[in-house]
Amino acid sequence: MVNTATASSQSPLAERMTWWQAIAAGVIVSVVANLVVYLVGKAAGASFLLIDNGNPTQIAAVDVIISAAAPLAIGTALAVLVSRWWRPVLRVAQVVAAVLALLTIAGPAMAETDTATLVSLGLMHVLAGAIAVAVLEIIHRSRRRV
């Protein structure tokens with residue numbers, strides 16, 4: 001028989017994660033989710049070719065992996081580091097992550113490309129921002145317990 005008092009008072013798994021586990025999980029989720037969007041976009045006919053001022057740029061899966069992992073890992077780790085001295089930075093970082101994710105959609109939107117590519121890249125940016133916000137929330141909640 002399960003002791004419901006004990007089970008209900010325990011934190012969910014996400015709240016028991018360390019900051020580095022939350023960041024690692026976020027990076028994995030971000031990479032997988034963005035690769036799924038990339039593959040679905042490819043299947044839907046997205047070229048993933050951007051032409052900016054006459055310069056063509058072909059976006060490959062490796063570019064998606066790097067773009068999904070690096071900003072999330074670096075940004076959230078930096079926020080965790082600063083939070084040692086100023087706890088509210090985690091909330092500020094959530095806002096910054098969301099705003100930057102939406103603002104950076106402008107880059108691909110201003111380049112010449114097909115609609116499927118534009119929609120796919122826009123969705124990737126939104127996913128990356130949402131995942132960054134979620135990772136920072138997990139870290140914030142785990143810090144509240146301490």
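Modeller: On a 1 Å grid over the protein atoms alone, a pocket is an open set of points with protein on both sides within 12 Å along at least five of seven lines, whereas a cavity is a set where a 1.4 Å probe fits but cannot get out; lining residues have an atom within 4 Å of a point. Grid points are joined across faces, edges and corners, and the volume is the space filled by probe spheres set on the points. This is a predicted model, in which local features need pLDDT of at least 70 and side-chain atom pairs pLDDT 80 or more, while totals for chains, interfaces and linings use all residues. Residues are numbered from 1 along each chain, and side-chain values use heavy atoms, without hydrogens and water.

Colleague: What is the volume of the largest pocket, and which residues lie nearest its centre?

Modeller: The largest pocket holds about 670 Å³ of space; its lining has 31 residues, with Ser67, Pro71, Leu72, Ala101 and Ala128 nearest the centre. Helix 3 (61–83) is among the elements that give two or more residues to this lining, and it contributes the most, 11 residues.

Colleague: Why is phenylalanine 48 called buried?

Modeller: Its relative accessible area is 0%, and buried means under 20% (exposed is over 50%, partly exposed in between, with a 1.4 Å probe and protein chains only), so phenylalanine 48 counts as buried. It also has a positive phi of about 55 degrees although it is not a glycine.

Colleague: What makes asparagine 53 exposed?

Modeller: Asparagine 53 has a relative accessible area of 75%, and is therefore exposed; its phi, near 55 degrees, is likewise positive.

Key:
Helix = DSSP H or I, 4+ residues; strand = E, 2+ residues; numbered from the N terminus.
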